[in-house]
Amino acid sequence: MGAPTRADTGSLPTRRLRPGGGLRAASGVRPAAARRVPSRVGLVVLIPAYRPDGRLPGLVTDLVRELPGCRVLVVDDGSGPEYAQVFRAASARGADVVGYGRNRGKGAALRTGLSRATELWPRADVVCADADGQHRPADIAAVARRVHATGHMALGVRRFTGPVPLRSRVGNGATALLFRLATGWRLGDTQTGLRGYPAGQTAWLADVPGERYEWELSVLLRAHDLGLEVEEVEIATVYEPGNASSHFRPLRDSARIYAPLLGFIGASLSAFVIDWIGVMVLHLLTGNLLASVVGARLVSGTANFFMNRRVFRAAPGTVCRTAVRYVALALALLAAGYVLLRVLTGIGVPLWLAKPLGDGLLYAVSYLVQRRAVFRERW
């Protein structure tokens, strides 16, 4: 297939969502900066690689053949000298290879590659793909076409049909569910490594926290935070038997992946528990529903405000401004919560159940407003 064009958007299904140390030449390969840089490159395929096998040079060959004019940028994530031959083979087949001496993680490799791609080819779209054969050249091209056609970030989404390792099927399902609870976005594949970014719109990625597999999930959280549009392009689900070449460490890397989501959800759950206990205790002491709701919300709201300043990474020196906005939101939610409790208890729902039901309805509104308006300054 040829290089992507604005009119050639492909035929695969897509879905759009709207929510917000120095480098060295890897393994003896000349760094990309030392090569002749084309004056106009429209697409860069970025491949982070840690201890790759012989499939990497083959992937480079396929990409150069199927996407004429693209640049393939491979980042050696500290694989070690025993893998120098693989990277030399990838370079000989047309890849620009850079890297560093010790393993830093997939997130660090992607951030490094994105920075280098922006430096060398600022007018190019960037598509990130894995080195282990999970992403077919045709699927990489499909994501590239979608990014080029729309100017939006795009995800290559697997549907997990056929022989898929159980840990991958369960892990992606659990992460997608947690992500939806935290953001309201319903993404089919939150762990996909096939992602496309439009030219000139990658600067925000440099500030996304994380060094390893969790970085890719943090990217989606930040994209939601920034109100970016994200499109989904359906791709093939490809796994080797047993997923033997994967460097994913189930316990340690799963904890890293879930940490950003659990941070978002944990602050809300903590405030909810404080609020629920407060309502129960104050109602027992006073017998007054309004006083109980107001008193409990003052305590839980104060705790939640300071937790969310950390969770949403509010800028230093903005306590007063964010507090004013937070109070305004809290008052609106307080009124809405009281009305919901009156309605629910009025139709016979017991207070202990009416409270979580009412708060559950308001959670999504509260979360979105805090992310987009209360703690957000300038990006």
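The model is predicted, so local features need pLDDT of at least 70, side-chain atom pairs count only at pLDDT 80 or more, and totals for chains, interfaces and linings use all residues. Residues are numbered from 1 along each chain as its sequence is written, and side-chain values use heavy atoms, with hydrogens and water left out.

## Overall

The protein has ten helices and nine strands. These are DSSP runs, numbered from the N terminus: helices are H or I with at least four residues, strands are E with at least two. Of the 379 residues, 50% count as buried. Buried means under 20% relative accessible area, exposed means over 50%, and partly exposed lies in between (1.4 Å probe, protein chains only). The protein exposes about 17,200 Å². Carbon and sulfur atoms supply 61% of that area. Areas come from the Shrake-Rupley method with a 1.4 Å probe; for residues, only the protein chains shown count as cover.

## Aromatic contacts

The structure holds four aromatic pairs. Phenylalanine 305 and phenylalanine 306 form an edge-to-face pair, 5.0 Å centre to centre with 75° between the planes. Tyrosine 326 and phenylalanine 375 form a tilted pair, at 6.3 Å and 50°. This second pair links distant parts of the chain. Tyrosine 326 is in helix H9 (residues 319-346), while phenylalanine 375 is in the segment after helix H10 (351-374), 49 residues apart.

The criteria are these: rings of Phe, Tyr and Trp (its six-membered ring) pair if their centres lie within 6.5 Å; planes under 30 degrees apart count as stacked, over 60 as edge-to-face and the rest as tilted.

Ring pairs join Phe305, Phe306, Tyr326 and Phe375 into a cluster. Phenylalanine 305 counts as buried because its relative accessibility is 6%. Tyrosine 326 is buried at 10%, and phenylalanine 375 is buried at 4%.

Elsewhere, arginine 104 lies over the face of tyrosine 100, at 4.1 Å from the ring centre. A charge sits over a ring if NZ of Lys or CZ of Arg is within 6 Å of the ring centre and within 35 degrees of the ring normal.

## Cavity and pocket

Voids are found on a 1 Å grid over the protein atoms alone. A cavity is a set of points where a 1.4 Å probe fits but cannot get out; a pocket is an open set with protein on both sides within 12 Å along at least five of seven lines. Lining residues have an atom within 4 Å of a point. Grid points are joined across faces, edges and corners, and a volume is the space filled by probe spheres set on the points.

The largest cavity has a volume of about 60 Å³. Its lining includes Lys106, Asp130, Arg195 and Glu216. Helix H3 (106-120), strand E8 (195-197) and helix H6 (214-226) each give two or more residues to this lining. H6 gives the most, with three. By class, the lining has seven nonpolar, one polar and four charged residues. Ala, Val, Leu, Ile, Met, Phe, Trp, Tyr, Cys and Pro count as nonpolar, Asp, Glu, Lys and Arg as charged, and the others, Gly among them, as polar.

The second largest pocket has a volume of about 680 Å³. It is lined by 31 residues, of which Ser268, Asp359, Leu362, Tyr363 and Ser366 lie nearest its centre. Helix H5 (166-183), helix H7 (250-286), helix H8 (289-311), H9 and H10 each supply at least two lining residues. H10 gives the most, with ten. The lining divides into 17 nonpolar, ten polar and four charged residues.

## Single residues

| Residues | Apart along the chain | C-alpha separation |
|---|---|---|
| Isoleucine 235 and arginine 159 | 76 residues | 7.7 Å |
| Valine 369 and tyrosine 326 | 43 residues | 9.3 Å |
| Arginine 71 and valine 126 | 55 residues | 9.5 Å |

Isoleucine 235 is in the loop between strand E9 (230-234) and H7. It is buried, at 6% relative accessible area. Valine 369 is in helix H10 and is partly exposed at 30%. Arginine 71 belongs to strand E4 (residues 71-77) and is buried at 18%.

Arginine 51 sits in the loop between strand E3 (43-49) and helix H1 (55-66). Its phi is near 50°, a positive value in a residue other than glycine. Arginine 51 is partly exposed, with a relative accessible area of 38%.
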